[in-house]
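Here is a report on one protein chain. It starts with a single residue and its surroundings, then widens to the whole fold.

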Amino acid sequence: MVFSRRGGLGAQDLLLSLLLLATWEVGSGQLHYSIPEEAKHGTFVGRIAQDLGLELAELVPRLFRVASKTHGDLLEVNLQNGILFVNSRIDREELCGRSAECSIHLEVIVDRPLQVFHVEVKVKDINDNPPVFRGREQIIFIPESRLLDSRFPIEGAADADIGVNALLAYTLSPSDYFSLDVQASDELSKSLWLELRKSLDREETPELRLLLTATDGGKPELQGTVELLITVLDVNDNAPLFDQAVYRVHLLETTANGTLVTTLNASDADEGVNGEVVFSFDSAISRDIQEKFQVDSSSGEIRLIDKLDYEETKSYEIQVKAVDKGSPPMSNHCKVLVKVLDVNDNAPELAVTSLYLPIREDAPLSTVIALITVSDRDSGANGQVTCSLMPHVPFKLVSTFKNYYSLVLDSALDRESLSVFELVVTARDGGSPSLWATASVSVEVADVNDNAPAFAQPEYTVFVKENNPPGCHIFTVSARDADAQENALVSYSLVERRVGERALSSYVSVHAESGKVYALQPLDHEELELLQFQVSARDAGVPPLGSNVTLQVFVLDENDNAPALLAPRVGGTSGAVSELVPRLVGAGHVVAKVRAVDADSGYNAWLSYELQPAAGGARIPFRVGLYTGEISTTRVLDEADLSRYRLLVLVKDHGEPALTATATVLVTLVESGQEPKASSRASVGVAGPEAALVDVNVYLIIAICAVSSLLVLTLLLYTALRCSAPPTEGACAPGKPTLVCSSAVGSWSNSQQRWQKVCSSEGPPKTDLMAFSPGLPPSLNPSEGKEQPEANLDLSGNVSPTFEFWL
């Protein structure tokens, strides 16, 4: 609303509605308006152009403007209608603080002509500020020993408004202990006091919280509050108190060092130093507890500082003292019981207390071998031990008492199968996880003489060349005894028997320790072809055990006998055989026959005949059978032939080297009908007692053909049967002879007019035969391997059919 003295007064009701908006006065050339603070933007202040007597149309041409030195932006003039209005928020407390008068001074300037007007706008206070305390909380410290009616000053509130809007009244929240005393020093300033109405006890009520409210006199009323925190100061009139008289703690024995055992909680109703508690162990506590535990004096934490061992100490009782820092100090006590829980941290222990070793291999079953004790320091299932044995046979564990076991024999022993048993006894407890321990027991089995010496095979075949040097080592027998020590100490001896008229010990001997067999004298194949005997092996046990082995010693022939001529008066260089042959006989006529034998055998007894060339290289109309020794004509004799021939026949065996004999045959050619009877008698004499020897070479050829065909089959069969036999030993033999059969040395040939039993395991005696090797004779050229000798029989005087054979 605008008041203008030049315009007079408006209606009464209009004045009342606009009284708060504006006031205009004219005096001394100055306009006065008034507005309440906090008016909104655009609030009408006054019609400043009209009140100044200016036309609206000339405001712009005359450059109408409003200026203010300090608050020019708070108010503004609308040049279109000349109204002064609020341009921005106006806060009286911000403009003038607590000053009772507050106004904004404006200068209005117009040009052409220049005019300056002064305008003052008064800002009126409204109750827009509540009472405000300096802080949200006031802390007051009052000792619990203060007397009743004691007064304690408190701080009041301030109100930014003025006048009645700043007139404050105080109220206090209900309290049994305090009341509010308000004393006014002037109209606005008041002093506030708290008066003690009830004795304080800090342990019962350590603090009080009261609400102080300030209310201003504005419309509407505004309030401000502050919280009064009354802290009751302590006096040391209480001892510390533990929250538990006894603390019970369970700890595993494997608890690590530094682990928190428990935290003591002791409270002191006092405060400050009077309520500060210091923890310590009782002075009478044992040294063991001091080494295991430690208490923090301020926090009350008890920690483990050393290892626990359930097996050593199962529980601890710790006396703890709490003392405050008051004067005089007050104290209290509590007890901490620490129970140590067992952990399976101890493996079982094994001890072999007695051993009965070695054990004989013939020990009866259930024989006690060792006593074993087990123990475990743990308790409960952790200390329950069970034992097992590996391997399970031939022993077992028998529980005799708690934690005592016997190691007993469970099955028969055989030292020769296994002489030492390495047993492992395992003790395992019942913990989780379980622990175990092992003990090794070495059980040695003592030998019993329950094994006789044994040879690798029951029979050995040995080949020895005849004419061996005396004392020659021919073979070594070896018997193995599975026993041990003296029970396995083997000695050898001959099983004495007679060989013909002589004792066996005159031929051979055996070394008692080494088993070497020696030939005591030279052996003669012609005298003894096979020497069969037994060697006994006997151990040194009690009683001794023994076994025998059979040795078949074949005496191999050597070419030590030259061929011997068997005609009367034949065989020396001074004698010769004379034969009369009629002239004109046909070719192939047998003139004479040279007979010879060889005491050797085999190739050494295989004889061949050769006719030596005549002196001067003259041709002789005679020939000799290579194997028959028959001298026959090579053509028809005639008158041109000489009347007398001297034939020289060389008889040679097939030994190496070959031995020979020479026979001389004188052949005289006579006319037919002149042959003397002496010749007939000589022929008859040959056919008499020596008739069996005439046909010896024919039998030889038949034997060669038969035996040679069986030789290969015999060798293969014998090799298959004897391939596993160890090689025979003969120090006298330079090489390894070929074995033909278990009782023979080769094929057979009639070498003399005698019969011998060659193999003791075969039937009736056999005629001595000549042995052939599958190869060629050493004296023959490979190209001569195939030959067709003549086999002529002299039984009927006719030539027998010729046989073809292979050497």
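## Ile142 and its contacts

Setting aside neighbours within four places in sequence, Ile142 is in contact with Phe152, Phe178, Leu200, Ile230, Thr231, Val232 and Leu233. Contact means heavy atoms within 4.5 Å. Ile142 sits in strand β8, residues 137-143. Helices (H or I, at least four residues) and strands (E, at least two) are DSSP runs, numbered from the N terminus.

Ile142 is buried, with a relative accessible area of 0%. Buried means under 20% relative accessible area, exposed over 50%, and partly exposed in between (1.4 Å probe, protein chains only). Ile142 and Thr231 lie 89 residues apart in sequence, yet their C-alpha atoms are 6.1 Å apart in space.

## Basis of the model

This is a predicted model: local features need pLDDT of at least 70, side-chain atom pairs count only at pLDDT 80 or more, and totals for chains, interfaces and linings use all residues. Residues are numbered from 1 along each chain as its sequence is written, and side-chain values use heavy atoms, with hydrogens and water left out.

## The chain as a whole

The protein chain has seven helices and 55 strands. Of its 807 residues, 41% are buried. Among contacts with a separation of 6 or more, 66% are between residues 24 or more positions apart.

The accessible surface of the chain comes to about 42,200 Å². Carbon and sulfur atoms account for 54% of that surface. These areas come from the Shrake-Rupley method with a 1.4 Å probe; for residues, only the protein chains shown count as cover.

## The largest nonpolar core

In soluble globular proteins, nonpolar side chains tend to be buried together. Here the largest nonpolar core has 28 residues. A nonpolar core is a set of buried Ala, Val, Leu, Ile, Met, Phe, Trp, Tyr and Cys residues joined through side-chain atoms within 4.5 Å. The residues with the most contacts inside this core are Ile474, Val477, Tyr492, Val517, Leu531, Phe533 and Leu551. Strands β33 (459-465), β34 (472-476), β36 (490-494), β39 (508-510), β40 (516-519), β41 (530-539) and β42 (546-556) each supply at least two of the core residues.

What does Phe533 touch, leaving aside its neighbours within four places in sequence? Its contacts are Leu494, Arg497, Leu504, Val508, Val517, Val549, Thr550, Leu551 and Val553.

## Aromatic pairs and charges over rings

The structure holds twelve aromatic pairs. Rings of Phe, Tyr and Trp (its six-membered ring) pair if their centres lie within 6.5 Å; planes under 30 degrees apart count as stacked, over 60 as edge-to-face and the rest as tilted. Phe293 and Tyr316 form an edge-to-face pair, 5.3 Å centre to centre with 75° between the planes. Phe293 lies in strand β20 (residues 293-295) and Tyr316 in strand β22 (residues 315-324), so the pair ties together parts 23 residues apart in sequence. Phe293 is buried at 1% relative accessibility, and Tyr316 is buried at 5%. Phe463 and Phe554 form a stacked pair, 5.7 Å centre to centre with 25° between the planes. This pair links distant parts of the chain: Phe463 is in β33 and Phe554 in β42, 91 residues apart. Phe463 is buried at 7%, as is Phe554 at 1%.

Tyr603, Trp606 and Tyr627 form one aromatic cluster. Arg151 lies over the face of Trp193, 4.5 Å from the ring centre. Lys314 lies over the face of Tyr310, 4.8 Å from the ring centre. A charge sits over a ring if NZ of Lys or CZ of Arg is within 6 Å of the ring centre and within 35 degrees of the ring normal.

## Backbone features in loops

A cis peptide bond joins Val542 and Pro543, with omega about -5°. Pro543 lies in the loop between β41 and β42. The bond from Glu656 to Pro657 is also cis, with omega near 0°. Pro657 lies in the loop between β50 (644-653) and β51 (660-670).

Glu38 is not a glycine, yet has a positive phi of about 65°. Glu38 lies in the loop between β1 (30-36) and β2 (44-46), and is partly exposed at 27% relative accessibility. Gln485 is not a glycine either, and has a positive phi of about 55°. Gln485 is in the loop between β35 (479-480) and β36, and is exposed at 68%.
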